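Hi,

Here is the structure I promised to pass on. Have a look at it first, and then read my notes below.

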Amino acid sequence: MAAHFEIYKDKASEFRFHLKAANGEIILVSEGYKQHASAVHGIESVKTNAPDDARYERKVSTSGKSHFNLKARNGEVIGSSQLYASEQTRDHGIEAVKKAATEATVKDQTTS
């Protein structure tokens, strides 16, 4: 299976997307959007910004776990990672997003 984005609706009926790596693991998740078109725009923004290392905000949670946010040029967060056990595994997650995002297809779970 190739890397892909999935658009779906959450319990609050907001549109969200996540990026799945070729192995099926979710490597990036979005915020909720009121409009479907906004989620699609978010995916395009991820594709544009993912290759640029400067767009990644590397963070450590209060519990000591590493994670990251991918930000657009305007500084807005367009995707967030899971929590990782170490900075090294977080950095591998960033590399996975960089590799997968630009070529990923889109699977829209909100249409029949």
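What follows is a quick tour, from the overall fold down to a few residues.

First, keep in mind that this is a predicted model.

**Overall fold**

The chain has two helices and seven strands, and from the N terminus they come in the order β-β-β-α-β-β-β-α-β. On size, the radius of gyration is 13 Å, which agrees with the value near 13 Å for a compact globule of 112 residues. Along the principal axes, the C-alpha atoms fill a box of roughly 40 × 30 × 25 Å.

Of the 112 residues, 39% count as buried. The chain exposes about 6300 Å², with carbon and sulfur atoms supplying 49% of that area. If you take the contacts with a separation of 6 or more, 44% of them are between residues 24 or more positions apart.

**The core**

The largest nonpolar core has 25 residues, and Phe 5, Phe 17, Leu 19, Val 46 and Val 97 are the ones with the most contacts inside it. At least two residues of this core come from each of S1, S2, S3, H1, S5 and H2. The largest share is that of H2, with four residues.

Neighbours within four places in sequence aside, Val 46 is in contact with Phe 5, Phe 17, Leu 28, Leu 70, Ile 78 and Ala 101.

**Helix H2**

H2 covers residues 87-101, so to speak the whole run of 15 residues, and spans 21 Å from first C-alpha to last, close to the 21 Å expected at 1.5 Å a residue. Its buried residues are Arg 90, Gly 93, Ile 94, Val 97, Lys 98, Ala 100 and Ala 101. And what covers them? The cover includes the strands S1 (4-9), S2 (15-20), S3 (26-29), S4 (56-60) and S5 (66-71), along with helix H1 (36-49).

**Ser 30**

Is Ser 30 buried or exposed? Its relative accessible area is 8%, and the cut-off for buried is under 20%, so Ser 30 counts as buried. The side chain of Ser 30 reaches the backbone nitrogen of Phe 17 at 2.8 Å. Not counting residues up to four places away in sequence, Ser 30 touches Arg 16, Phe 17 and Ile 78. Phe 17 and Ile 78 also turn up among the contacts of Val 46.

Cheers

Note on methods: Residues are numbered from 1 along each chain as its sequence is written. This is a predicted model: local features need pLDDT of at least 70, side-chain atom pairs count only at pLDDT 80 or more; totals for chains, interfaces and linings use all residues. Side-chain values use heavy atoms; hydrogens and water are left out. The expected span of a helix is 1.5 Å times one less than its number of residues. Buried means under 20% relative accessible area, exposed over 50%, partly exposed in between (1.4 Å probe, protein chains only). Contact means heavy atoms within 4.5 Å. A polar contact is a pair of N or O atoms within 3.5 Å; within protein, one must be able to donate a hydrogen and the other to accept it, and residues adjacent in sequence count only if both atoms are side-chain atoms. A nonpolar core is a set of buried Ala, Val, Leu, Ile, Met, Phe, Trp, Tyr and Cys residues joined through side-chain atoms within 4.5 Å. The radius of gyration is taken over C-alpha atoms; the globule rule is 2.2 Å times the number of residues to the power 0.38. Accessible areas come from the Shrake-Rupley method with a 1.4 Å probe; for residues, only the protein chains shown count as cover.
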